[in-house]
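Hi,

Here's the structure I promised to pass on.

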Amino acid sequence: MGEPMIDLQHLAKDFGKQTVLKDINLTVNPGEIVGLIGPSGAGKSTVIKVTLGMEVTSGGSAKVFGTTMPNRELLGRIGYMAQTDALYDALSGQENLKFYGLMKGINRKEIDEQVAYVANVVDLTKDLNKRVSGYSGGMMRRLSLAIALLGKPDLLILDEPTVGIDPALRRQIWAELGRIRDEGRSILITTHVMDEAELCGRVALLLDGKVMAFDAPAILEQQYQVKTIEEVFLKAEGVE
Ligand SMILES: Nc1ncnc2c1ncn2[C@@H]1O[C@H](COP(=O)(O)OP(=O)(O)OP(=O)(O)O)[C@@H](O)[C@H]1O
């Protein structure tokens with residue numbers, strides 16, 4: 001199977017007096033999609049930020065590609081989509097994609113082809129020449145996702161990528177995530193959509209600062225004696 005792309009061991013994180021993460025153990029293997037689910041405020045984005053080295057750990061270790069984070073050089077191999085969009089409003093979608101693509105080191109020969117490919121995945125082809133200031137919230141999310149996909153990174157870290165995206169396009173995006181996995185690349189994804197959690201190879205349930213359960217959806221459903229990940233989630237939270 002090879003070394004994990006992400007390896008979090010006993011990760012802890014405090015913000016002042018608030019302990020958000022107590023003991024997070026989680027791995028993402030090559031060719032695997034791992035879903036991170038949990039109630040709002042459970043610390044999903046914090047897990048991601050500590051993994052990327054954007055927040056300093058209060059304990060434990062975060063390794064990506066076998067190297068302890070933070071490590072600037074590794075960031076070029078990671079496609080990160082944050083929960084808030086970091087886009088240039090005054091530029092068009094196309095200009096944003098080209099700018100980020102060149103920053104990621106894609107060469108000028110390849111850039112147009114890659115921009116066209118990722119724009120198609122998120123169904124933005126016909127809106128590429130519009131300024132981002134005229135985009136809807138969902139269009140901005142889609143553009144952010146397209147930017148994360150640029151450069152064919154070995155690892156994608158996606159924080160709620162499908163918020164505001166309609167079901168047909170969501171399906172198309174998941175088909176692309178499946179192709180990425182099949183190429184041996186890896187994805188860590190947070191979601192509130194339980195149908196999406198079902199599509200992950202393994203799901204980590206974050207509760208009270210810990211990974212309460214971490215396994216394939218079918219195994220979790222068996223363990224909790226329920227039929228869906230949504231019911232696993234509710235049962236783990238103590239909601240009857
Ligand atoms: N920079 C920060 N400073 C102080 N507190 C923070 C900071 N970042 C996050 N927190 C706190 O940590 C907790 C977890 O936040 P986080 O954004 O990781 O949750 P989440 O599970 O991603 O939530 P959601 O599903 O709503 O996006 C929250 O109580 C939040 O207020």
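Below is what turned up, going from the overall fold to a few backbone details.

Before anything else: this is a predicted model, where local features need pLDDT of at least 70, side-chain atom pairs count only at pLDDT 80 or more, and totals for chains, interfaces and linings use all residues. Residues are numbered from 1 along each chain as its sequence is written.

The protein has eight helices and 10 strands (DSSP runs numbered from the N terminus: H or I of at least four residues for helices, E of at least two for strands). The C-alpha trace spans about 50 × 40 × 35 Å along its principal axes. UniProt, in an unreviewed entry, puts "domain: ABC transporter" at residues 6-233; positions are in the numbering used here, feature names are shortened, and annotations may be inferred rather than shown by experiment. That span is 35% helix and 26% strand, and its end C-alpha atoms lie 23 Å apart.

Now the ligand. Its surroundings include Gly 41, Gly 43, Lys 44, Ser 45, Thr 46 and Gln 83, where being near means a C-beta atom, placed from the backbone, within 6 Å. Helix α1 (residues 44-52) gives the most to this shell, with three residues. By class, the shell has three nonpolar, seven polar and one charged residues (nonpolar: Ala, Val, Leu, Ile, Met, Phe, Trp, Tyr, Cys and Pro; charged: Asp, Glu, Lys and Arg; polar: the others, Gly among them).

On the inside, 38% of the 240 residues are buried (20 or more other C-beta atoms within 10 Å of a residue's own; 12 or fewer is exposed, in between is partly exposed; C-beta atoms are placed from the backbone). The largest nonpolar core has 62 residues, and Ala 146 and Ile 157 touch the most other members; such a core is a set of buried Ala, Val, Leu, Ile, Met, Phe, Trp, Tyr and Cys residues joined through C-beta atoms within 7 Å. Helix α4 (residues 137-149) gives the most to this core, with seven residues.

Most residues other than glycine have a negative phi, and most peptide bonds are trans. The bond from Met 69 to Pro 70 is cis, though, with omega near 5°, and Pro 70 sits in the loop between β5 (67-68) and β6 (78-81). Asp 123 has a positive phi of about 60° without being a glycine, in the loop between α3 (108-121) and α4. Asp 123 counts as partly exposed because it has 17 C-beta neighbours inside 10 Å.

Cheers
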